[in-house]
Amino acid sequence: MITRRGLLQGGVALGAAAVLPVGQRSLGASAEPLVLTATTGVAPLVDDERPTRVWAYNASVPGPVIRATQGEWVRVRLRNRLQIPTTIHWHGIRIDNAMDGAGGLTQEPVAVGEQFDYAFRVPDAGTFWYHPHFRSAQAVAHGLYGALVVAERDPPAVDRDLLLVLDDWRLDAEQQIDVASMGNLHDAAHRGRLGNVLTVNGRPAPGFGVRRGERLRLRLLNAANSRVLRLDFGAFAPSLIALDGQPVTPRALGENRLTLASGQRADLLVDVDLGAGEVAELRAVTRGGAALAARFEAGEDTLRDEPLPAPVALAANPMPRELALGDALAVELRMEGGAMGGLAQAVFEGETLSGRELARRGQVWAFNGQVGMGEQPLFTVARGRTVRIAIDNRTRWAHGMHFHGHHVQVLGGAAHEATGDWRDTVLVDVGERAEFALHADNPGRWMLHCHMLEHQAAGMATWFEVA
Ligand code: C2O
Ligand code: CU
């Protein structure tokens, strides 16, 4: 459970303290790469006197915000100064396969002390992120991740664009990352690694000063290893304008709540309707209560009195318009395993093993009877064809499935996902059989895995090939 520690810290970091460092305004103009050095460091996650030892990009948690404009090239040089090999995956970018950063599939992990240059064009405007894709559970739990914000060529008028990167840390009494519990089988077989301290932009419950009448664009990212965040916006009444970087027709959030699984993002517009001194609280609701994530406090001055016109939709990204569903390749992905529904047997590294033998190897989940990355892809499809994927969740746990290199359109069957939305990560709840359409227009070998990183490490990963 998230502790109340965040609550006690509320209000300490009012204003600028939680503003993220900017990596580079826009990368398009320059051929010089932005250097991201992955190394160990410290971050004042809970308080400044007792910082937490973390792994970080350029000594910052979250890492630098990478900003580009739609259609530009992004160039990043990753320097690995960690003690383990690493990569960077550009989550949600419909990228050239060779730049996808999937360690072991699209590139060899970058060895300790080595470097690797990434260069790719960003076809879509929106809110994306980056993180290692080799021993991801361990690396992300230590703090290696950052946001990648791609601006629209013609951005919507807002008074402020605020990025809120949420994370759920498991810290010990000394406020250090609980390393001993990493990789344990209990977490892997249940809801993954859940933390006890919630941070926004690397701080507990930061405060943001706002003005009456101000229009905010909030970009939310769930960078937690596994926790599904149920976010309550309190006195704010946001309009949802994009999910996972893809615009949606602006719509209100039901009960002003938003569900974000690990890896998912949402862009919201909020018109601040608070009197001087009034506060809107962003809270993460849990079964036992709620943890404060951030506070928005209105100052004395009013920016405008008249309400603004209703938000208009963001310009669409260049997504496929017509999906040939009638002629689609039908693919079934059956999820099995985990606590309270264990595997009888499944194939792992070419051998058929009993559930007990698999558990001994740290593996507890399977897709279609295969544990982890098999020799064969889940499917191979010719470029240009549409795939209709049914994800049949026969486990007792929800899973947030992430598709690499593509977004998928929700066809139905997932209570947390609205039909017609395009997403790169979809939450499929217990017992659901949800369907998604993927237009296979990006050639290469792509991962498809649960973004609850402990589930991924314990078997929930496969791949597909666009030929
Ligand atoms: Cu955000 Cu395959 O990862
Ligand atoms: Cu999962």
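This is a predicted model: local features need pLDDT of at least 70, side-chain atom pairs count only at pLDDT 80 or more; totals for chains, interfaces and linings use all residues.
The chain contains 5 helices and 34 strands. Its radius of gyration is 21 Å, close to the 23 Å that the globule rule gives for 467 residues, so the chain is as compact as a globular protein of that length. Along the principal axes, the C-alpha atoms fill a box of roughly 65 × 55 × 45 Å. Of the 467 residues, 57% count as buried. Contacts across the sequence were also counted. Among contacts with a separation of 6 or more, 75% join residues 24 or more positions apart.

The copper ion (ligand 2) has three protein donors: H399 through ND1, C450 through SG and H455 through ND1. Along the chain they follow the spacing H-x50-C-x4-H.

Strand β34 (residues 461–466) pairs with β26 in the parallel sense, over 3 bridges. F379 has F464 of β34 as its bridge partner. V381 is partnered in a bridge by V466 of β34. With strand β33 (residues 444–450), β34 pairs in the antiparallel sense, over 6 bridges. Here the bridge partner of L448 is T462. β34 is mostly covered, with 5 of its 6 residues buried.

Side chains of opposite charge can pair when their charged atoms come close. Across the whole structure, a search finds 30 salt bridges. One of them joins R265 to D424, with the closest N and O atoms 2.7 Å apart. R265 lies in strand β18 (residues 265–271), and D424 lies in the loop between β30 (422–423) and β31 (425–428), so the pair ties together parts that are 159 residues apart in sequence. R265 and D424 are both buried.

A salt bridge also forms between E332 and R433. Its closest N and O atoms are 2.7 Å apart. E332 sits in strand β21 (residues 329–337) and R433 in strand β32 (residues 433–439), so this bridge ties together parts 101 residues apart in sequence. E332 has a relative accessible area of 36% and is therefore partly exposed. R433, at 42% relative accessibility, also counts as partly exposed.

The side chains of E297 and R295 meet in a further salt bridge, at 3.4 Å from N to O. E297 counts as partly exposed because its relative accessibility is 28%. R295 has a relative accessibility of 17% and so counts as buried. The cut-off for burial is 20% relative accessible area. Charged side chains also form a network of salt bridges that links E152, D161, R217, R219 and D267.

V140 is buried, with a relative accessible area of 0%. Leaving aside neighbours within four places in sequence, V140 is in contact with H131, P132, Y145, A223, N225 and L453. V140 and R295 are 155 residues apart in sequence. In space, the C-alpha atoms of V140 and R295 are 25 Å apart.

Definitions and conventions. Residues are numbered from 1 along each chain as its sequence is written. Chains are lettered from A and ligands numbered from 1 in the order in which they are written. Side-chain values use heavy atoms; hydrogens and water are left out. Donors are N, O and S atoms within 2.8 Å of the metal (3.2 Å for Na, K and Ca); water is not among the atoms, so sites may look incomplete. A salt bridge is a side-chain nitrogen of Lys or Arg within 4 Å of a carboxyl oxygen of Asp or Glu. Helices (H or I, at least four residues) and strands (E, at least two) are DSSP runs, numbered from the N terminus. Buried means under 20% relative accessible area, exposed over 50%, partly exposed in between (1.4 Å probe, protein chains only). Two strands pair if DSSP finds at least two bridges between them. The radius of gyration is taken over C-alpha atoms; the globule rule is 2.2 Å times the number of residues to the power 0.38. Contact means heavy atoms within 4.5 Å.
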